[in-house]
Amino acid sequence: MSTDERARIAREAAAEARADAPVRTGEYRSGIGVEVSGDEVRIVDTDPESIYKEYGTSDTPAHAVLTDAARKRGRYRGWNPQ
């Protein structure tokens, strides 16, 4: 599959993740985006606390909006929320 097509799919997944993201301060939702470097395409979140929000902590459940959106669209090679 071409990089352009994978980037289109990633943008679609990022839009879904933003729509599903919980909003307290808005940093988690507004940090969601897509990075393309060469032939590598990634869905990212620039919120410094996004890892805790996405995957949860010992006292906070995982939201997993990025993970869930990526899984719906094909092969996912990232971490799994607990």
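**Exercise 1.** Where is the place of A64?

*Solution.* The model is a predicted one, in which local features need pLDDT of at least 70 and side-chain atom pairs count only at pLDDT 80 or more, while totals for chains, interfaces and linings use all residues. Residues are numbered from 1 along each chain as its sequence is written, and side-chain values use heavy atoms, with hydrogens and water left out.

Step 1. A64 sits in the loop between helix 3 and helix 4. Helices are DSSP runs of H or I with at least four residues, strands are DSSP runs of E with at least two, and both are numbered from the N terminus.

Step 2. The backbone of A64 has a positive phi of about 55°, although A64 is not a glycine.

Step 3. A64 is buried, at 6% relative accessibility. Buried means under 20% relative accessible area, exposed means over 50%, and partly exposed lies in between, with a 1.4 Å probe and protein chains only.

**Exercise 2.** Describe how strand 1 and strand 2 are arranged.

*Solution.* Step 1. Strand 1 covers residues 32-37 and strand 2 covers residues 40-45; they pair in the antiparallel sense over six bridges. Two strands count as paired if DSSP finds at least two bridges between them.

Step 1. The two strands form a hairpin with two residues between them, and G38 in the turn has a positive phi of about 65°.

Step 2. Across the pair, E35 stands opposite R42 in strand 2.

Step 3. R42 also forms a salt bridge with E40, the closest N and O atoms being 2.8 Å apart. A salt bridge is a side-chain nitrogen of Lys or Arg within 4 Å of a carboxyl oxygen of Asp or Glu. E40 is partly exposed at 38% relative accessibility, and R42 is partly exposed at 46%.

**Exercise 3.** Which residues are linked with E16 in a network of salt bridges?

*Solution.* Step 1. The count of salt bridges comes to eight. Side chains of opposite charge can pair when their charged atoms come close.

Step 1. The network links E5, R8, E12, E16, K72 and R73.

Step 2. Between K72 and E16 the N to O distance is 2.6 Å. This pair links distant parts of the chain, with K72 in the segment after helix 4 and E16 in helix 1, 56 residues apart.

Step 3. E16 forms a salt bridge with R73 as well, where the closest N and O atoms are 2.7 Å apart. R73 lies in the segment after helix 4 and E16 in helix 1, so this pair ties together parts that are 57 residues apart in sequence.

Step 4. E16 is buried, with a relative accessible area of 18%; K72 is exposed at 58%; and R73 is partly exposed at 26%.

**Exercise 4.** How many residues line the largest pocket?

*Solution.* Step 1. Rolling a probe the size of a water molecule over the atoms shows where empty space is left. On a 1 Å grid over the protein atoms alone, a pocket is an open set of points where a 1.4 Å probe fits, with protein on both sides within 12 Å along at least five of seven lines; lining residues have an atom within 4 Å of a point.

Step 1. The largest pocket holds about 960 Å³ of space. Its grid points are joined across faces, edges and corners, and its volume is the space filled by probe spheres set on the points.

Step 2. The lining consists of 26 residues, and V41, R42, I43, R75 and Y76 lie nearest the centre.

Step 3. Helix 1 (3-20), strand 2, helix 3 (50-55) and helix 4 each supply at least two lining residues. Strand 2 gives the largest share, six residues.

**Exercise 5.** Which residues make the nonpolar surface patch of about 360 Å²?

*Solution.* Step 1. The patch is made by I51, Y52 and W79. Patch residues have over 30% relative accessible area and no salt bridge; like charges are joined within 9 Å, and nonpolar side chains (Val, Leu, Ile, Met, Phe, Trp, Tyr) within 5 Å. Accessible areas come from the Shrake-Rupley method with a 1.4 Å probe, and for residues only the protein chains shown count as cover.

Step 1. W79 is found in the segment after helix 4 (65-71). W79 is exposed, with a relative accessible area of 56%.
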